Amino acid sequence: MAHQERLNQGEYLLWTGLGITSFVGFWYLFVLLGVVPKQFLPPPHEVALKFIHLLNEPFSGYTLLAHIASSFQRFLYGFLLAVVIGVPLGLLMALSKYANQLITPFFESIRFVAPIAWVPFAALWFGTGIGGPVLVIFMGAFPPVLINTYRGAIHVDKKYLEAARMLGAGKFRLMTEVLFPAAIPSIIAGLRISAGLGWQSLVGAELIVASSGVGYMMVKGQASIQTDIVMSGMIAIGLIGLLIDVLLRQAEKFAVHYKEI
Amino acid sequence: MADIVFNSVQRSFKQGGKEFLAVGGIDLTVKDQEFVAIVGPSGCGKTTCLRMVAGLEMPSKGRILVGGKEVKGPGPDRAVVFQQFALFPWKTVQQNIEFGLNSMGLPGHEKQEKVSRLISLMGLEGYEEAYPHQLSGGMQQRVAIARAYVLEPEVLLMDEPFGALDAQTRVVMQEELVRLARKNPKTVLFITHAVEEAVYLADRVVVMSRRPGLIREVIDIKPIREQEGWDTHSRIEDVMDLSSFVQLRSQIWKLLREQNLGVDH
Amino acid sequence: MLLTWLGLTEWSGVVSGARFPSPTETWNSFKIIAIQGYGNGKLYQHVLQSAILVTSGFLVSSSLGILLGILMGANKKIEAFVNPIFLTLRPIPPLAWIPLAIVWLGLGNSAKVMVIYVAAFVPAVINTFTGVRSIETPQKEAAAMLGVSRFAYYREVLIPGALPLIFTGLRLSLQASWTTLVAAELVGATLGLGSILNQAAQDINPAMILVGMISVAISGWLMTQILAKAERYAMPWRA
């Protein structure tokens, strides 16, 4: 029995199209039937309109673009902090047993705490300032960066290290010119995971401790039962998350270009 | 003065709770600017000996002295050419050759000069910006040799450097190495399991026994080579036809066979 | 490491208790919540509340997810049909559904369960789908050659073959469920681990916050262990 038939281009498009239309169709159906009050489930075109509208009209103090900028800025700070600390630390831990033994216990105990659980401390230490979300993002983004950097560096073929030592490279050059380039594929894989986790943690943090940003906007929308605003927020979050991942995937391709013909 | 002295050198390993003696007890002196090849069956410890001179491994007993100083670790004074090339794939040919020089604090133009000289010496012109994966095995090994030579090391350590190359490239490289060695003589320790290669290249050939590695015999090549004028022939196959060559080769083969030592086991 | 903690907080007072609790303070808070209760319940009640929500949400949602994954993996038409919906919804982090869930279902437990559903569903589908697709062609051909019925095929070849990745998906689903629940409870709940964190934050009780965090970590770890056991039981052919 052949349970998998290869679909040709046309068939594939057909079914994809059917999927999209059914989804949108059902949505409209629900709205038309009045299964739920219109406030709770606005029709798709209203959501789209609201989204565009919000790009220029402020809600809760800022336009959607401004909210996005605010969120993205927090994300960037937390993410970059995680990278700037995580990568050198991971390389160092791979190179030096002492560093490894020193840092691992701290890391292991923190690692299993869901980043969101840091929100109370973040609120305690930073109030609604930018430090709060940045802390939460950092806690989410840091472990994958460190782990992947460490793993990448540990698995570097010994012969490169031997050659470099033979050529007279000291620990610093070993880290920067050998371990780091060799570990880049693993590092960037870690960055992608880390960015995903960081972005998610950001959303969570903004739902609770922020005075601007997309998450904050969504909370305000929820409070005034403006579902279209909430949904616009969701769309924005999804789009930006996608964008970040695409960018990192490009970075990944570029970083290993020396391997390609 | 860059000579290599093995002083009752032993090396043992722990494996699965038991101790293995890889290198039994080596006493050997490689004179300044002498080219010594070590042959022996696989696992006889010849690579281990080289790595100990390089400082990548430490003897369990005994000492190794280079230029009178005990070897404590790897360094550019004892440059290594690895069998697997070990070029940095993320660096260009130029950058690979430069690498060792970068830690030496030389002024930029001097570095450039040295690198260019070696690039032309090794026939790498035009490939400066290429990445290792774009080059053939022979070219990559040329880069590896250039990388070692540019350091102007006292000692050159070559660990089966042509082992990963196809037969024809191998021959070309052997001829080139001979030319290089005669023009720029250095103290060389050359590991190989190919007897012909050893006889062709070296001044002396050390034959090792199987594990635990001990020196079975040391054969002088240089006097015979000079007497018979091998270097007047530019092609390897012509040298290998000479009776003097054949005789030395059989002598070494006999030594290897005597102890039931196949070349690969 | 414990020593460093003690050192920094109690012994030298480098880090003041108002910012980060010392071990003894934490221990004291732990005793309080375990015995007397805090924020509407004792510790075990909070744990139970969270655990029940997570488990029920996780089990239902991931089962549905696995089902969909199998269907998508086995039938390209279904895959083409579902894909666009999936692709649009996937980049939206589960936490981002919280406001919507609150709008639709209010501040009670149902909203939390909804978000758990979303969180657990996606990894289950993706990994199951990949798992089904990963079954190598020789095995499929062998099955076809042996003339197995459709049902037997599913039971004997497809599912066992995809099981490793299905479990990976389950692990991710579980993790996501926990994280999402804690977040949801942080936003608004009266009982549950997240609510401890919430209450403690409002009361400015760092030691209690830490107790909450540790409880979250341990509970999550425990559930992962249970899942691992299930995994070993389900796949005895693996080392």
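Let me begin with chain C, which, when we read along the sequence, follows the pattern α-α-α-α-α-α-α-α-α-α. In numbers, chain C has 10 helices and 0 strands, where helices (H or I, at least four residues) and strands (E, at least two) are DSSP runs that are numbered from the N terminus.

Before going further, a word of care: this is a predicted model, in which local features need pLDDT of at least 70 and side-chain atom pairs count only at pLDDT 80 or more, while totals for chains, interfaces and linings use all residues. As for labels, residues are numbered from 1 along each chain as its sequence is written, and chains are lettered from A and ligands numbered from 1 in the order in which they are written.

Staying with chain C, 44% of its 239 residues count as buried. A residue is buried if 20 or more other C-beta atoms lie within 10 Å of its own, exposed if 12 or fewer, and partly exposed in between, with the C-beta atoms placed from the backbone. Of the contacts in chain C with a separation of 6 or more, 72% are between residues 24 or more positions apart; two residues are in contact if their C-beta atoms, placed from the backbone, lie within 7 Å.

Please look now at helix α9(C), where 8 of the 10 residues are buried, so that the helix is mostly covered. The buried residues there are L193(C), G194(C), S195(C), I196(C), L197(C), N198(C), A200(C) and A201(C). What covers them? The cover on the buried residues of α9(C) includes α3 (43-74), α8 and α10 of chain C, and also α5 (119-126) of chain A. Just after α9(C), I204(C) takes a positive phi of about 50°.

That brings us to the way the chains meet. Of the 2 pairs of chains in contact, chains A and C share the most contacts, and this contact takes 42 residues from chain C and 47 residues from chain A. On the side of chain C that touches chain A, α4 (76-89), α5 (98-105), α8 (150-187), α9 (193-202) and α10 (206-234) of chain C each supply at least two residues. By class, that side of chain C has 35 nonpolar, 3 polar and 4 charged residues; here Ala, Val, Leu, Ile, Met, Phe, Trp, Tyr, Cys and Pro count as nonpolar, Asp, Glu, Lys and Arg as charged, and the others, Gly among them, as polar.

Chain B also meets chain A, with 19 residues of chain B in contact with 16 residues of chain A. The elements of chain B that give two or more residues to this side are β6 (78-81) and α2 (93-102), and the residues of the side divide into 13 nonpolar, 6 polar and no charged. Chain B and chain C, however, do not touch, and their nearest C-alpha atoms are 22 Å apart.

Within chain B, 4 strands form an open sheet in the order β2-β1-β4-β5, and the pairing is antiparallel; two strands pair if DSSP finds at least two bridges between them. The edge strands, each pairing on one side only, are β2 (18-30) and β5 (69-70) of chain B. Between strand β1 (residues 4-15) and strand β4 (residues 61-66) of chain B there are 5 bridges, and the bridge partner of I4(B) in β4(B) is V66(B). Both I4(B) and V66(B) are among the residues that V53(B) touches, not counting residues up to four places away in sequence.

Which residues touch the most other members of the largest nonpolar core? In that core of 213 residues they are V119(A) and V53(B), a nonpolar core being a set of buried Ala, Val, Leu, Ile, Met, Phe, Trp, Tyr and Cys residues joined through C-beta atoms within 7 Å. Helix α8 (residues 171-208) of chain A gives the most to this core, with 18 residues.

Finally, chain A itself has 10 helices and 0 strands. Its radius of gyration, taken over C-alpha atoms, is 23 Å, well over the 18 Å that the globule rule (2.2 Å times the number of residues to the power 0.38) gives for 261 residues, so chain A is more spread out than a compact globule. Along the principal axes, the C-alpha atoms of chain A fill a box of roughly 75 × 60 × 35 Å.
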